[in-house]
Amino acid sequence: MKLPELRIGHLVAKIPIIQGGMAVRISTARLAAAVAEAGGVGLIAASGMPLDELRHEIRLARSLTKGIIGINAMVAAREFASLVRTAIEEGIDLVVAGAGFSRDMFGMGRESGTPIVPIVSSVKLAKISESLGAAAVVVEGKEAGGHLGTDQSMRVLVPEIKKAVKIPVIGAGGVITGRDIVEVMKLGADGVQMGTRFAASEESNAAPALKEFYLKARPEDVVLIKSPVGLPGRAVKNPFAEKILEGTAPTPDICKACLKHCEQNFCIIDALTRAQQGDVETGLVFTGEYIHKIDDILPVKEIFARLLKEVEEIN
């Protein structure tokens, strides 16, 4: 099988793979640029970044590739609108938005001609997105890492949403191998979004200790926790995740007010930052459901080569 190009608005990616935006600071310029350079769409995870840092990351990514670079931002973040505006000012190619839904972002995209791509988990939200001017939708199922908007499988959602909208549909959640990509494309998807496989890449900004932790994860280690965002989150079980599940995670002494609405059961930005820096005991390690399928840390170029080889071998 040969993979088709992925068209999102005026953008054309040679390979229909979007690298998921993994915050805080897992997917930064180096990873996004490597994916874009390989022919996919690279995303910088903007959530949790000061605006100056986001500008720096976008400019750095631009210096590393002429490929397609976008941002991913959490709608639940208090600074969401500022992050989107800043990225658009820097000439970002597209904006992917999840962990909530914003009508305002479509107006920002229209003014600048920037494609807006919401992450959705229902037919209803996909149709609303299309009516508001979305250039495409990322359809995320229960297999995904991080914040989840559904308990349904992506493999159920993609065919339903593909029938309901005319814009490109990108399947996300549990896509690790070339065989996974082919399966999702056969369901009608125009492309796939992959997060966990790229978190475990050489160019990922995760600390070495976190990457090693990914490789040790087994199927039974993957759990659902309650995030302060107000959504369930998929994570790897470690002492901190166990405390969240027990309801004994430490609450923040000083609230950074990083979310529009926070349940304050723990500080998510601090927990994700600790993990990114390699503290796998007291950090929150978000992951997709099938992390156990990954058994090596590879350069992005090699990941793409392997994926394409696996795809080509399937009739």
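The legends below describe close-up views of a predicted model of a protein chain.

**View 1. The two domains of the chain.** In this predicted model, the protein chain is divided into domain 1, which covers 6-205 + 294-314, and domain 2, which covers 208-291. The centres of domain 1 and domain 2, taken over C-alpha atoms, are separated by 21 Å.

**View 2. The interface of domain 1 and domain 2.** On one side of this interface stand 32 residues of domain 1, which are in contact with 26 residues of domain 2. Between them the two domains bury about 2400 Å², and 58% of this area lies on carbon and sulfur atoms. Within domain 1, the residues that lose the most area to domain 2 are R78, H147 and L148, which together account for 24% of what that side buries.

View 3. Between domain 1 and domain 2 the count is 18 residue pairs in polar contact, with both residues at pLDDT 80 or more. The elements that give two or more residues to the side of domain 1 that touches domain 2 are strand 9 (146-147) and helix 8 (196-199). By residue class, that side of domain 1 divides into 16 nonpolar, nine polar and seven charged residues. Across the interface of the two domains the rule finds one salt bridge. The side chains of E289 and K142 meet in a salt bridge, with a distance of 3.2 Å from N to O.

View 4. Three strands form an open sheet in the order 9-13-12, and their pairing is antiparallel. Strand 9 and strand 12 are the edge strands, each of them pairing on one side only. In general, strands of a sheet pair through backbone hydrogen bonds, in either a parallel or an antiparallel manner.

**View 5. The pairing of strand 12 with strand 13.** Strand 12 (residues 222-226) and strand 13 (residues 232-236) run antiparallel and are joined by five bridges. Along this pairing, L224 stands opposite R234 in strand 13, while I225 stands opposite G233 in strand 13. As a general point for reading such a view, the side chains of a regular strand alternate between the two faces of the sheet.

**View 6. The hairpin of strand 12 and strand 13.** Five residues lie between the strands of this hairpin, in which G230 takes a positive phi near 100 degrees.

Definitions and conventions
Residues numbered from 1 in each chain as written. Predicted model: local features only at pLDDT ≥ 70, side-chain atom pairs only at ≥ 80, totals over all residues. Heavy atoms only, no water. Domains from an automatic or database assignment. Contact = heavy atoms within 4.5 Å. Buried area = accessible area lost by both parts, 1.4 Å probe. Salt bridge = Lys/Arg side-chain N within 4 Å of Asp/Glu carboxyl O. Polar contact = N/O pair within 3.5 Å; in protein donor to acceptor, adjacent residues only side chain to side chain. Helix = DSSP H or I, 4+ residues; strand = E, 2+ residues; numbered from the N terminus. Nonpolar A, V, L, I, M, F, W, Y, C, P; charged D, E, K, R; others polar. Pairing = 2+ DSSP bridges.
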